[in-house]
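Trainee: I would like to go through this structure with you. Can we take the terms one by one?

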Amino acid sequence: MIVLALRTDKPEAELFVYQDQKKIAELKWQAHRELSDTIHLKIKEILNKLSISYTELIGIAIYKGPGSFTGLRIGMSVANALAFAQGIPVVAKGGDNWITDSIKALSAGQNDKIAIPEYGSSAHITKPRK
């Protein structure tokens, strides 16, 4: 049972790979405004390092928030797209135990089908000048 876990709610993005509820790899990097350019490369990097193909993943776990509006949106989009493309479940959880809770949910057969972020507050959007 191999699970890919993503956390993209802050400038330092995090990826984890768990096998049978045991962390076998983690990768953290300062993604900040480059998250959309780097996340796919980093996922490929961590899986290649472990000689794991996308087809070996049984689920995707993602931190749902609260956190950065754009970071959560990018992470959720990637997690949802990857889960859909591979035909595997995606589970979004929050809190300090989000990975453990997500893996338990995946093991129990839970599938959010579409992971939805919880921002924690309204998005801070710049008002148009005109």
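Predicted model: local features only at pLDDT ≥ 70, side-chain atom pairs only at ≥ 80, totals over all residues.

Trainee: What makes strand β4 largely enclosed?

Mentor: Buried means under 20% relative accessible area. Six of the seven residues of β4, residues 57-63, are buried, so the rest of the structure largely encloses the strand.

Trainee: How do you know that β1 pairs with β4?

Mentor: Pairing needs at least two bridges. Five bridges join β1, residues 2-7, to β4. The two strands run parallel. In this pairing, A5 stands opposite A61 in β4.

Trainee: And what makes β4 and β5 a pair?

Mentor: Again, at least two bridges are needed. Four bridges join β4 to β5, residues 90-93, and these strands run parallel. Y63 has K93 in β5 as its bridge partner. From β4 the chain crosses through helix α2, residues 69-86, to β5. This β-α-β crossover is right-handed.

Trainee: Why is the crossover called right-handed?

Mentor: View it with the strands pointing away from you. A path that runs clockwise from the first strand over the helix to the second is called right-handed.

Trainee: Which residues of α3 are buried?

Mentor: In α3, residues 98-107, they are W98, I99, S102, I103, A105 and L106. They cover an arc of only 160° around the axis, so they lie on the same side of α3.

Trainee: What do the buried residues of α3 pack against?

Mentor: They pack against β1, β2, β4 and β5. Contact here means heavy atoms within 4.5 Å.

Technical notes: Residues numbered from 1 in each chain as written. Heavy atoms only, no water. Buried < 20%, exposed > 50% of the residue type's maximum accessible area, 1.4 Å probe, protein only. Arc of directions from axis to C-beta.
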